[in-house]
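Trainee: Hi, I'm new to this one and would like a walk through it. Can we take it piece by piece?

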Amino acid sequence: MSGLGLISTYASDSEEDEVHKDSFDNKSEEVSKRLPLPGSIATWKGVPHHEEVNDDPSEHDGRVRSFKHERGNWATLVYIHYEPSEDLLTWMQSLLTELPMKCNIFSDQLHISITRSLILKFHWIDSFVEEIKKLCEQTKQFSLELLNVRAYCNDDETRTFLGIECIDDKGTLGHFVKKLNDSLAEYKLPPFYEDSSYHISFLWCLGDETATLNTLTPSLTNKLNQFLAEYTEDRHIHVNKVNLKIGNKLYAFNLK
């Protein structure tokens, strides 16, 4: 039986709690047993099938999820992983005391997004993974340069981010994203932002605080340039792979 067949079987049998009455004894009842989760599905990473997910903002520092969990929908992101040096990480953390609002530093891995946060249907996953893999195999490795500090706000205006903007003088990343957008269009998924600004978000705060932060970004950019003048090895990022996250499953594809 195919993976999709297994899912169909498990869903139909687990969604109904039928009570079977013994026609010879009205007092005896038997609840039908649910089929066990097929082993092929149990080994997958991601949000467990049928699990109720609590999206209480109070449990996530006030953050609000952009879209709720739904069966068959998989949160997806294509990005470039970034590992800052200890010196740059210390510099990022030092800005917490210079901002007028309460901000948080990202505790998870830093990255450069090259798609929006997407919702991928289960039956698209295999073909989507293959398309990203092929695109990476056709793209040469390239370098990004740290440019300046900018403020960004998400589409829902629920969070503001402070990030370091990156540029690619040779245009390799822009060409890659254009090809990636063509693939997204085949799945009727939204392209990356038209006025794209590739960046590493490292601090965040609740609400739309871009107006306030925009008054500070010139001085923060000066501080960044002073730091990079001293730590020149941190100015450039060599990109040799692209990452894809679907649910809790991670892929890393090498560039040629």
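Trainee: Is strand E9 mostly covered or mostly open?
Mentor: Mostly covered: seven of the eight residues in E9 (residues 199-206) are buried. Buried means under 20% relative accessible area, exposed over 50%, and partly exposed in between, with a 1.4 Å probe and protein chains only. Strands (E, at least two residues) and helices (H or I, at least four) are DSSP runs, numbered from the N terminus. Keep in mind that this is a predicted model, where local features need pLDDT of at least 70, side-chain atom pairs count only at pLDDT 80 or more, and totals for chains, interfaces and linings use all residues. Residues are numbered from 1 along each chain as its sequence is written, and side-chain values use heavy atoms, with hydrogens and water left out.

Trainee: Got it. How many bridges join E8 to E9?
Mentor: Seven, and strand E8 (residues 159-167) runs antiparallel to E9. Two strands pair if DSSP finds at least two bridges between them.

Trainee: Where is Lys102 found?
Mentor: Lys102 is in the loop between helix H3 (86-94) and strand E4 (104-105). Lys102 is exposed, with a relative accessible area of 67%.

Trainee: Which residues is Lys102 in contact with, leaving aside its neighbours within four places in sequence?
Mentor: Trp204 and Cys205, where contact means heavy atoms within 4.5 Å. The C-alpha atoms of Lys102 and Leu206 are separated by 8.4 Å, although these residues are 104 apart along the chain.

Trainee: Switching topic: how many salt bridges does the structure hold?
Mentor: Four. A salt bridge here is a side-chain nitrogen of Lys or Arg within 4 Å of a carboxyl oxygen of Asp or Glu. One of them joins Arg150 and Glu165, at 3.2 Å from N to O. Arg150 lies in strand E7 and Glu165 in strand E8, so this pair ties together parts that are 15 residues apart in sequence.

Trainee: Is Glu165 buried or exposed?
Mentor: Glu165 counts as buried because its relative accessible area is 13%. Arg150, at 34%, is partly exposed.

Trainee: What else is in that set?
Mentor: Glu145 forms a salt bridge with Arg235, the closest N and O atoms being 3.8 Å apart. Glu145 lies in strand E7 and Arg235 in the loop between helix H7 (217-230) and strand E10 (236-239), so parts 90 residues apart in sequence are tied together.

Trainee: Now the rings. How many aromatic pairs does the count come to?
Mentor: The count is 10 aromatic pairs. Rings of Phe, Tyr and Trp (its six-membered ring) pair if their centres lie within 6.5 Å; planes under 30 degrees apart count as stacked, over 60 as edge-to-face and the rest as tilted. Trp74 and Phe122 form a tilted pair, 6.4 Å centre to centre with 40° between the planes.

Trainee: Which residues form one aromatic cluster?
Mentor: Trp91, Phe202, Phe227 and Tyr231. Phe227 is buried, with a relative accessible area of 8%, whereas Tyr231 is partly exposed at 23%.
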